[in-house]
Amino acid sequence: MNQVNPAKLLQSKWTAVQPKNNEKHFLVVDVEFDERGAVVYCALEAVINKRRIAVDWRVLKNSCKWKQGWKHI
């Protein structure tokens, strides 16, 4: 289980354990919060081709799918 602090999500680096389309390294490029400070939107951008995907930030806690930082898997 990865430790993820919502306040430090922006610009954090992630590696997909099961890469698709050669996209394995991602950067969090957008995080939006509601009036209570809860994350309502999180977007990752693939480093290789700049494609953006929206994700539920809580899936980043799953270490079977995501690793913190840019790793060679």
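1. A contact here means heavy atoms within 4.5 Å. Take the contacts in the protein between residues at least 6 apart in sequence: 43% of them join residues at least 24 apart. The model is a predicted one.

2. Secondary structure comes next. The protein has 5 strands and 0 helices. Along the sequence the pattern reads β-β-β-β-β.

3. Overall dimensions. The radius of gyration is 12 Å, which agrees with the value near 11 Å that a compact globule of 73 residues would have. The C-alpha trace spans about 35 × 25 × 15 Å along its principal axes.

4. Burial and surface. Buried residues make up 36% of the 73 in the protein.

5. Charge. The protein carries 13 positive side chains and 7 negative ones. The centres of these two sets lie 11 Å apart.

6. Strand β3, residues 39-46, contains E45. Is E45 buried or exposed? E45 counts as buried, because its relative accessibility is 15% and the cut-off for buried is under 20%.

7. Which residue joins its side chain to that of E45 in a polar contact of 3.3 Å? The partner is R52. R52 is also among the residues that E45 touches when those up to four places away in sequence are not counted.

Terms used. Residues are numbered from 1 along each chain as its sequence is written. This is a predicted model: local features need pLDDT of at least 70, side-chain atom pairs count only at pLDDT 80 or more; totals for chains, interfaces and linings use all residues. Side-chain values use heavy atoms; hydrogens and water are left out. Helices (H or I, at least four residues) and strands (E, at least two) are DSSP runs, numbered from the N terminus. The radius of gyration is taken over C-alpha atoms; the globule rule is 2.2 Å times the number of residues to the power 0.38. Buried means under 20% relative accessible area, exposed over 50%, partly exposed in between (1.4 Å probe, protein chains only). Lys and Arg count as positive and Asp and Glu as negative; His and the chain ends are not counted. The place of a charge is taken as NZ of Lys, CZ of Arg, CG of Asp or CD of Glu. A polar contact is a pair of N or O atoms within 3.5 Å; within protein, one must be able to donate a hydrogen and the other to accept it, and residues adjacent in sequence count only if both atoms are side-chain atoms.
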